[in-house]
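Here are some questions on the terms used for a structure, each answered from its values and the definition behind them. The structure comes first.

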Amino acid sequence: MKFEQYVVKEIVHESEEVRTFRLAKQEGSVPDYKPGHFFLLRLPGEDGKPCQRSYSAASHPSEPLLSFCIKLKGSFTHLLWNLKEGDSLEVDGPYGTFLLLPDDSERVFIGGGVGISGLRSQILETVNEGRVCSLFHSGHGFGNLTYFNEMKKLSEEHDGFKFFPSITGDDPPPGWDGLAGRINVQILQEKLGSLAGKAFYLCGSKEMAGELAAALIAAGVPREKVKKDEWG
Ligand SMILES: Cc1cc2nc3c(=O)[nH]c(=O)nc-3n(C[C@H](O)[C@H](O)[C@H](O)COP(=O)(O)OP(=O)(O)OC[C@H]3O[C@@H](n4cnc5c(N)ncnc54)[C@H](O)[C@@H]3O)c2cc1C
């Protein structure tokens with residue numbers, strides 16, 4: 001491990017419990033990384049001992065700052081919530097194997113809640129490459145659909161990118177024309193027409209990403225065309 005000092009350049013309050021932290025090294029640069037990579041963030045804990053967690057890069061490597069989309073949960077995220085713009089923290093990475101496969105003809109991204117983070121980077125890469133892709137993003141309420149406006153705009157600007165947001169718990173906002181309920185194989189088949197010839201990238205809880213990955217393989221999608229990043 002090789003931790004380096006980074007500076008918090010921007011903090012975006014996405015919702016009550018989700019923030020995007022945009023970082024750069026002390027001299028302003030960002031490291032080389034690929035869409036889907038994760039990094040270790042480290043801060044001193046309340047007892048003074050170093051405390052670290054893993055976070056997927058939400059930014060695309062071409063963006064000037066290294067961003068993380070983080071949900072407030074337990075001990076480490078409470079430390080992050082104390083940070084202000086201009087503060088420092090330690091970062092190590094990139095790491096991970098949840099990376100785009102070069103030979104995909106069409107990609108389907110499926111994320112639960114803050115699982116959108118690494119997928120955002122992968123979607124920007126796929127759209128930049130001019131490949132066809134879709135995003136199925138589910139959240140308990142509308143507020144859990146982080147980056148909704150950006151993904152909607154991207155889908156309006158690129159015919160090859162289809163966006164299917166879904167609200168699984170709360171009542172949808174007035175005029176909602178997205179999906180309701182959890183993403184399953186039946187919904188995927190209905191919206192995509194067919195599962196054949198597509199590569200699937202899933203990110204979220206074990207329950208969501210693990211179960212859906214198994215269901216896709218059971219429905220006939222080749223195992224090597226189903227990639228998942230489960231966070232426990
Ligand atoms: C490769 C990878 C990428 C990831 N990317 C992201 C990302 O992009 N965004 C993101 O938000 N997260 C991401 N995570 C998850 C992240 O690493 C942390 O696990 C998460 O932020 C929670 O850390 P925490 O210290 O705040 O919570 P923790 O203190 O570790 O707690 C985690 C959960 O356990 C519960 N808990 C805590 N203490 C107890 C207890 N004593 N008894 C019972 N339950 C308890 C908490 O309520 C919480 O629900 C990623 C994880 C991995 C492995």
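Q: What stands opposite leucine 41 in this predicted model?
A: Valine 91 in E6 stands opposite leucine 41.

Q: What makes E3 and strand E6 (residues 88–95) a pair?
A: Two strands pair if there are at least two bridges between them. E3 and E6 have 4 bridges, in the antiparallel sense, so by that cut-off they pair.

Q: How do you know that strand E3 (residues 38–44) and E4 pair?
A: The pairing of E3 and E4 runs over 7 bridges, again in the antiparallel sense. The cut-off is at least two bridges, so E3 and E4 count as paired. Within this pair, arginine 42 stands opposite glutamine 52 in E4.

Q: Which residue takes a positive phi in the hairpin of E3 and E4?
A: Glycine 48 does, with a phi near 85 degrees; the hairpin has 5 residues between the strands.

Q: What makes strand E2 (residues 18–25) a partner of E5?
A: E2 and E5 share 6 bridges in the antiparallel sense; the requirement is at least two, so they pair. Threonine 20 stands opposite cysteine 69 in E5.

Q: Why are E4 and E5 said to stand at the edges of the sheet?
A: The open sheet has 6 strands in the order E4-E3-E6-E1-E2-E5, with antiparallel pairing. E4 and E5 each have a single partner strand, so one side of each lacks a neighbour in the sheet. On average, neighbouring strands of this sheet are turned by 40 degrees against each other, direction ignored.

Q: How do you know that domain 1 is in contact with domain 2?
A: A contact requires C-beta atoms, placed from the backbone, within 7 Å. In domain 1, 15 residues are in contact with 14 residues of domain 2. Strand E5 (residues 66–71) gives the largest share of the domain 1 side, 4 residues. By class, that side has 7 nonpolar, 5 polar and 3 charged residues. The domains themselves span 4–95 for domain 1 and 106–230 for domain 2, and their centres, taken over C-alpha atoms, are 24 Å apart.

Key
Residues numbered from 1 in each chain as written. Predicted model: local features only at pLDDT ≥ 70, side-chain atom pairs only at ≥ 80, totals over all residues. Domains from an automatic or database assignment. Contact = placed C-beta atoms within 7 Å. Nonpolar A, V, L, I, M, F, W, Y, C, P; charged D, E, K, R; others polar. Axes fitted to C-alpha atoms, helices over the stretch in contact; angles between N-to-C directions.
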